[in-house]
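Thanks for making the time this morning. I would like to walk you through one model, element by element, so please keep the sequence and the structure in view while I talk.

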Amino acid sequence: MHLDGEGFDLGPSWVWPGQARIAALCNLLGLPLFAQHAQGAQLYEQPDGRVIRDQGFMSMAGSLRISGGTGALVAALVARLDPARLIMDAAVQQVSDSGATLQDGRSITADRVVIAIPPRLAAGLAFIPALPVDAQQALAAVPVWMGAHAKCVAVYDTPFWRSDALSGDAASRRGPLAEIHDASPAQGPLGALFGFVGVPADQRAQLDLRAPVTAQLVNLFGPQAASPRRLQIMDWSRETFTATPADATPPAGHPAYLLPAALRQVADDGIIFACAELTTDNGGLIEGALAAAERAARIILPG
């Protein structure tokens, strides 16, 4: 999401110290990292709406964010590619070890095919020849990390909560947002708050959450929160190129992601699965996506 030239994350937001791949990539692309704002008091909203100050801890303190948002990272990567070799807005219909067929009928030939979409979406592609049964089952069994979640961003003229010595962090047992953080840009006047929606995915489709979210932000941060310049909710469980119906129920904890042996064998036959949910190294995170990309590159460009 963009406003006044600033990018605001509706998806992944954080980079953590020690994640060397994403730090190096941002440095290569000229995208500075900056510290997640965590100075000030945290708020806790009780089920009856009462707000307690200085309750809990800053859960994302110490994390980093990308200047311009993670969208700036994608844009910078795309800018380094030959535009003539990019095919946009063209869904894949069929995959083989020699290329792919798009839904509009066009064919792409390739020595290797790298599939970087979430495993459950990959399981829904048509493969020629068909994937081995164990490989198909392995793909369908891997949940999309955060695929069940929805995220809300509210942008304001200023981060007004900071003048009240608030960090922007809040936890709530009332909702609809269960967890809130400061999402303001590194520089400039704009302020932003983002929150994870605590309403289950199967209930969100029937609800208009904009008014309840705004009322909650007012209850937590005061009357200045009543009029965001923009308020946007992204429900990732309903994004057809991110999640499947099986992802509507989130896993109990962070899955122990790995690349199943059945998928390693498929890579030997020309099809490489490379996404954040298929690596033991920071699985499900941006760093994990880069780890999976490194593995794909080693297969394609050995030595």
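Before I come to any pairing, let me say that two strands pair here if DSSP finds at least two bridges between them, and that helices (H or I, at least four residues) and strands (E, at least two) are DSSP runs, numbered from the N terminus. What you see is a predicted model, in which local features need pLDDT of at least 70 and side-chain atom pairs count only at pLDDT 80 or more, while totals for chains, interfaces and linings use all residues. Residues are numbered from 1 along each chain as its sequence is written, and side-chain values use heavy atoms, with hydrogens and water left out.

I will start with strand β16, residues 191-197, where seven of the seven residues are buried, buried meaning under 20% relative accessible area, as against over 50% for exposed and partly exposed in between, with a 1.4 Å probe and protein chains only. Strand β15, residues 177-182, runs antiparallel to β16 and is joined to it by five bridges, with Glu 179 opposite Phe 196. Strand β13, residues 150-156, is also antiparallel to β16, through six bridges, and there Val 153 stands opposite Phe 194.

Next comes an open sheet of four strands, in the order β10-β9-β8-β12, with mixed pairing. Its edge strands, each pairing on one side only, are β10 (107-109) and β12 (126-128). Strand β8, residues 92-96, pairs with β12 in the parallel sense over three bridges, and the partner of Val 95 in β12 is Phe 127.

Turning to the helices, which residues of α1 and α2 meet? Ile 22, Leu 25 and Leu 29 of α1 meet Leu 73, Ala 76 and Leu 77 of α2, where contact means heavy atoms within 4.5 Å. The axes of α1 (residues 20-29) and α2 (residues 70-79) come within 10 Å and cross at roughly 60°, these axes being lines fitted to C-alpha atoms over the stretch in contact, with angles from 0 to 180 degrees between N-to-C directions.

Finally, is Gln 216 buried or exposed? Gln 216, which lies in helix α6, residues 210-221, is buried, with a relative accessible area of 3%. Leaving aside neighbours within four places in sequence, Gln 216 is in contact with Glu 45, Ser 172, Gly 175, Pro 176 and Leu 177.
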